[in-house]
Amino acid sequence: MKVDKLHIRSRFKNLENVTVDFDEEHLMTVVVGRNGSGKSNVLEALVAIFRNLDLGEEPPFSYELNFQLGEESWVKWYDIKVDADPSRGKLSKQYQVLVKNKHHINGEFEPVSISAVKRDKKTKLAEYLPNFMFAYYSGPSDRLEKYFRKHRDTYYRELIGDELDLRADIRSLFYAKPIHSKHVLLAFFQSPELKKEQEFLRENLGINSVDSIHFVLKKPSWGKNKNDTFWGAKGIARSFIERLMPYALAPVRVTRVDDDLTSLTGKKHKNEFVHIFLPTEESLHEVAKDLTPSIFFKLLESSELSQIIAEVNIRVNVTFAPEPITFKELSEGEQQLLTVLGLLKFTGGKDSLFLLDEPDTHLNPSWAVKYLKFLREFVPNHETSHLLMVTHHPLAIAELKKEQVQVMKRGEEQQITAKMPDESPRGMGINLILRSDIFGLQTTLDDDTNQKLTARNALAAKEILSKDKIFREEGLAPEDEEQYLSRLNTELEGLGFNLATDDPDYLEFLRSKYHLKNSEDN
């Protein structure tokens, strides 16, 4: 899956008549811009587009979208053009879809109907859509999650109805949530053979191993069978419990107040719970011994979605503490990184689209500068996957070519535009990136120091300094310009800013610059 170009014609949020030209030749494209420039809205628009195509519902707005997809670029690879407009009448007219098979003899675009595009409910296949779309948003709102609810609810009904096979079924649209970070961690340590992934966790997060795991099961809303130990659970949920029990240390069944069942009147209701404790990492290996990490992740996630898992409490051994710590003691940034990297690895595959909205929010600079490298390591298939990311972090784009960046801006008449930057961020360094057309800062200094430098340079450029004494700063005695310049030089020299007064060319540059500025001001 490679997104080529999106043209939003009718208004979506603050986007109207906006074209974003993505780079389909690389694994990733990063969208940057100031707050309010529509960066996140671009990802949301793509989620809305593919969600409605997947379900065969009317387009959310008028747009044109060009993309490519297939299993392998040299085996089956389609060029697809979608022209959608909800104002055209019935659904068959709202969508105009053209498809070209690159390996077809004719090599011409041919029309296909929306019924041929949408995902088949029985086979779960969609020849002209990505096999998998994964989205992550680091913010607290449900701006992206709401688009995934119908797919999630359908999956839930099939899960409860014992209609799923985790070895075959895939949730075509998947939205990542904080709880998934625990599933990812367990999937990374479910086998001693995952040496590469475990080494990554040791080097970057300081997590050496899993110490123990405590699962809390509870009677779900659908659990009606009082005669069954696990409330009539079947299918995936039953399979998970039966895997756990042989290795659990003294399972405990209790009846207690369930906070989730507290009514609006404040009345508390009791529920049944079973506590299952896996005492070692080796017991986790036994539970998952015949499963791939991807299948084990799906097993965990599906069991939690089925409502039979109330809590997962994990203790881990770390390099920075003599005793095990709880998963909750890991930082927001560590949990965030685990969520994204694990989901890329365990839920992706061939022909995937990954949409990440500010996934680096909680990362320190040392991680931010390596973040795209981390992503590349965990995306399963670079040739047939595309990763689109929104960020505010200049370090996150430091290694990219200009073709991989889209800069969004809002003009004086509030019109949003998106374009490739003039130069590649790669090799610029942080200061030049910030002062380039990508971020557009005039200086990377703090405002107070910048004002002092500007005033000092303006005074240094003058041939004659005034003897008039005035109050320059509150709390200080009045100064003439010579005294003011002397004080500024002293203060700035302490910060590492020296004025080369013996450089006539530099002084001439200053005089020219500030003479021109004063002329423009007057």
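Buried means under 20% relative accessible area, exposed means over 50%, and partly exposed lies in between (1.4 Å probe, protein chains only). This is a predicted model, in which local features need pLDDT of at least 70 and side-chain atom pairs count only at pLDDT 80 or more, while totals for chains, interfaces and linings use all residues. Residues are numbered from 1 along each chain as its sequence is written, and side-chain values use heavy atoms, with hydrogens and water left out.

**Stop 1: Glu481 and Lys462.** Select Glu481, which counts as buried at 12% relative accessibility. Glu481 forms a salt bridge (a side-chain nitrogen of Lys or Arg within 4 Å of a carboxyl oxygen of Asp or Glu) with Lys462, and their closest N and O atoms are 2.9 Å apart. Glu481 is in helix α15 (residues 481–494), whereas Lys462 sits in the loop between α14 (447–460) and α15, 19 residues apart. Helices (H or I, at least four residues) and strands (E, at least two) are DSSP runs, numbered from the N terminus. Lys462 is partly exposed, at 37%.

**Stop 2: along α15.** Select Glu491 and Arg487, whose side chains meet in a salt bridge of 3.0 Å, N to O. The two are four residues apart in α15, so about one helical turn separates them. Arg487 is buried at 16% relative accessibility, and Glu491 is partly exposed at 29%.

**Stop 3: helix α4.** Select residues 149–160, the 12 residues of α4. Which of its residues are buried? They are His151, Tyr155, Glu158 and Leu159. The buried residues pack against α1 (39–55), β9 (173–175), α7 (235–244) and α9 (293–305), where contact means heavy atoms within 4.5 Å.

**Stop 4: Thr29.** Select Thr29 in strand β3 (residues 28–33). Thr29 is buried, at 1% relative accessibility. Among the residues that Thr29 touches, not counting those up to four places away in sequence, are Phe22, Leu388 and Gln406.

**Stop 5: a sheet.** Finish with the open sheet of five strands, in the order β11-β12-β10-β13-β14, with antiparallel pairing. Two strands pair if DSSP finds at least two bridges between them. β11 (252–258) and β14 (325–326) stand at the edges, each with a single partner strand, so one side of each has no neighbour in the sheet.

Key. The expected span of a helix is 1.5 Å times one less than its number of residues.
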